[in-house]
Amino acid sequence: MFNSIVMVKQVPDTANISGKVMKDDGTVNRTKLPAIFNHEDRVALELALQVKEKYGGKVIAITMGPPRASDILRECLYMGTDETYLISDRKFAGADTLATSYVLSEVIKKIGGYDFIFAGRQAIDGDTAQVGPQTAEKLGIPQITYTEEILDVNKNKIKIKRKIDGGYEIVESTLPVLITVLKNVVSPRPFSSKRVMAFKNAKSVLDLEKLAEENSLLYTDKLIHEYKERNLLINTFTMDDLNLDIKRCGIAGSPTKVHKVESVILKGGNQIRVEPTKAGLNNLIEQLMTDHIFG
Amino acid sequence: MNFQNEVMVFIEQRDGKPADVSFELLCKGHKLAEAMNGKLKSVVIGAGVEEIAKETFRFGADETLLVDHPLLRNYRTLPYSRILNDIVKSRVPRIVLFGATVIGRDLAPRVASYTKSGLTADCTDLQISDVKYLNHEYPKLLLQIRPAFGGNIIATIITPDVPTQMATVREGVMELTPIEKPNEIKITRIEYKPDPVDELVQIIEQHRENNKVNLKAAPIIVAGGYGLSTKENFKLVEELAHTIGGEVAGSRAAVDAGFVTPDRQVGQTGVTVRPKLYIAVGISGAIQHRAGMQESNKIIAINTDPEAPIFEIAHYGIVGDAAEIIPVFIEAYKHKLK
């Protein structure tokens with residue numbers, strides 16, 4: 001039996017971004033972008049689910065983000081996750097990787113009882129690959145990044161094949177360990193239709209608070225109790241639920257700041273058009289010979 | 001804020017050989033140190049790596065810290081990060097640079113987390129500048145410049161309020177030029193004290209291909225893109241490269257289409273190159289590709305689409321069908337240089 005915590009992230013779909021979605025302070029206006037489940041995190045979840053199927057245990061998915069990040073936690077449930085946690089508070093907003101890993105590591109300490117922490121190698125909105133190692137450091141556990149394959153798990157060890165510069169290596173780590181996963185190492189399973197039916201109404205405490213706000217007949221505490229009974233509660237941590245140093249959260253806890261953001265401008269201008277003819281190409285080759293590139 | 005006015009570069013080695021990117025960083029670090037009137041330091045960790053430490057002085061190091069121990073032969077996260085944690089914590093360098101390699105991206109965040117430093121990943125440029133940020137004046141900050149959001153945006157990141165500014169830097173983007181007169185060798189040995197924690201992860205085996213293509217060293221590169229449509233057409237690229245003595249490369253789309261192997265991919269997720277001549281055939285010139293080749297000395301673009309962005313950075317543009325142009329090019333070349 002091995003228990004896994006999977007760190008997942010909802011990311012803006014960076015395939016289609018323009019300067020219009022950036023706020024003046026250089027951070028992204030996420031509300032203007034389609035939000036998707038970061039692919040590598042989904043691959044990490046798949047690996048965790050495979051470990052569970054093979055060796056038994058429990059899979060817990062956690063995410064930090066705005067309230068609507070509960071979307072991807074529902075997707076985790078559709079794939080087979082046992083428990084989910086949403087970590088959401090305005091005070092966490094604007095966090096860089098250091099502040100993010102601080103909050104995540106405190107949440108993981110609170111959840112406890114894990115053998116593995118899985119995460120994608122990096123998220124497409126920042127491509128930093130930093131949150132995994134920084135979380136491992138804060139938890140004081142080893143890390144295995146760039147994982148390609150889990151070869152074996154036994155009692156208190158895991159054997160992994162990982163990418164290195166120019167090749168691969170096989171390493172063995174004691175547990176617990178944090179593992180980050182490369183894309184395309186396994187295909188994430190499709191949603192189980194049964195689980196979609198079972199969990200499509202799963203809600204976070206923040207969702208329920210909103211429901212209660214909109215309908216005077218509903219009370220948050222009662223709703224939470226009810227959803228918990230029906231196994232539809234997405235556990236939720238806000239600042240108040242955690243014993244955190246506020247100076248280490250959000251913008252205040254982030255040493256890196258975005259100073260300037262520029263859309264990419266092409267330089268160019270001095271280009272010489274060469275006719276696609278024999279004469280044109282002859283001239284080009286002569287020019288390159290004069291420049292000592294050819295010959 | 002208390003810190004040493006120094007730039008520190010982590011020198012990465014694999015199988016006892018230094019990584020190019022580390023020396024590239026020394027060259028850049030040398031310039032940064034000058035701009036802030038500071039010193040350039042480097043850290044070499046490994047087993048039997050004194051020669052590497054000596055080499056750093058050719059690239060401008062003022063002092064190199066050497067941690068040499070049989071247990072440190074191969075990079076492993078825990079011992080290496082523990083060593084650097086101690087060095088950074090006790091010395092508090094103003095800047096620490098790592099290559100944005102698998103090793104650098106594994107190690108740097110761990111050290112940044114421990115020392116609560118700011119860390120910016122995958123920088124493509126670094127500068128020293130006075131900065132005004134939120135009505136505060138910050139003298140001589142490190143500008144950490146990197147593409148963001150899929151390469152659509154160039155962001156400048158700063159780390160104004162902590163003593164140590166850290167960055168990982170992509171391979172091949174900084175120029176590698178030894179300084180005119182090497183600095184005097186000044187190696188400071190630091191003792192490694194083994195700890196059980198360092199042994200939590202063991203390397204069972206390691207495979208590295210040493211004979212892989214070295215695009216970075218090629219003076220001429222002929223690269224093909226998805227515009228070539230078929231593997232047959234891509235052969236023309238190979239023929240051209242063969243004729244003019246160049247290496248074959250491809251865009252990501254060409255790699256994804258199976259026209260060329262991933263180790264020959266140029267661009268943001270591949271290799272960054274700066275050859276004397278870069279011929280881009282059927283490559284539209286997405287920002288991710290340009291990021292990997294725009295510093296080439298001369299660029300020739302061949303594309304059927306006259307509006308293709310690749311023409312914006314090309315020195316010579318040829319609008320037309322590569323399948324027709326390349327054979328003529330080869331013929332003309334053979335005729336001129338036989």
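In the predicted model described here, B:T272 lies in the loop between helix 6 (252-256) and strand 16 (277-281) of chain B; helices (H or I, at least four residues) and strands (E, at least two) are DSSP runs, numbered from the N terminus. The model being predicted, local features need pLDDT of at least 70 and side-chain atom pairs count only at pLDDT 80 or more, whereas totals for chains, interfaces and linings use all residues. Residues are numbered from 1 along each chain as its sequence is written, chains are lettered from A and ligands numbered from 1 in the order in which they are written, and side-chain values use heavy atoms, with hydrogens and water left out.

B:T272 has a relative accessible area of 7% and is therefore buried, where buried means under 20% relative accessible area, exposed over 50%, and partly exposed in between (1.4 Å probe, protein chains only). Leaving aside neighbours within four places in sequence, the residues in contact with B:T272 are B:R170, B:E171, B:G172, B:V173, B:K216, B:A291 and B:G292; contact means heavy atoms within 4.5 Å. The side chain of B:T272 makes a polar contact of 3.4 Å with that of B:R170, and also reaches the backbone oxygen of B:E171 at 3.5 Å. A polar contact is a pair of N or O atoms within 3.5 Å; within protein, one must be able to donate a hydrogen and the other to accept it, and residues adjacent in sequence count only if both atoms are side-chain atoms. From B:N5, B:T272 is separated by 267 residues in sequence and by 30 Å in space, C-alpha to C-alpha.

Elsewhere in chain B, strand 8 (residues 125-133) and strand 9 (residues 136-148) pair in the antiparallel sense over eight bridges, pairing being assigned if DSSP finds at least two bridges between two strands. B:Y133 has B:H136 in strand 9 as its bridge partner. The two strands form a hairpin with two residues between them, and B:L134 in the turn has a positive phi of about 45 degrees.

The interface of the two chains was examined next. The contact takes 74 residues from chain A and 78 residues from chain B. About 6700 Å² is buried between the chains, and carbon and sulfur atoms give 60% of this area. Buried area is the accessible area (1.4 Å probe) that two parts lose on being put together, summed over both. Between chain B and chain A, 30 residue pairs are in polar contact (both at pLDDT 80 or more). Helix 4 (residues 102-115) of chain B contributes nine residues, the largest share of the side of chain B that touches chain A.

A salt bridge is a side-chain nitrogen of Lys or Arg within 4 Å of a carboxyl oxygen of Asp or Glu. The side chains of B:R14 and A:D165 meet in a salt bridge at 3.7 Å, N to O. This pair crosses between chains, from B:R14 in strand 2 (residues 13-14) of chain B to A:D165 in the loop between strand 8 (157-164) and strand 9 (167-174) of chain A. B:R14 and A:D165 are both buried.

Within chain A, A:R230 and A:E226 form a salt bridge at 3.2 Å, N to O. A:R230 counts as partly exposed because its relative accessibility is 46%, and A:E226 counts as partly exposed at 34%. In chain B, the closest N and O atoms of the salt bridge between B:E50 and B:R189 are 2.8 Å apart. This pair links distant parts of the chain, with B:E50 in helix 2 (residues 50-55) and B:R189 in strand 12 (residues 187-189), 139 residues apart. B:E50 is partly exposed, at 31% relative accessibility. Salt bridges that share partners also join B:E6, B:K41, B:E63 and B:R91 into one network.

In helix 4 (residues 131-139) of chain A, eight of the nine residues are buried. The cover of these buried residues includes strand 1 (4-7), helix 3 (97-111), strand 6 (116-120), strand 7 (143-154) and strand 10 (177-181) of chain A, together with helix 4 of chain B. Just after helix 4 of chain A, A:G140 takes a positive phi of about 70 degrees.

The count of disulfides over all chains is zero, a disulfide being a pair of cysteine sulfur atoms within 2.5 Å. For B:C123, the nearest cysteine sulfur is that of B:C27, 17 Å away. B:C123 is buried, at 0% relative accessibility, and A:C76 is buried with a relative accessible area of 0%.
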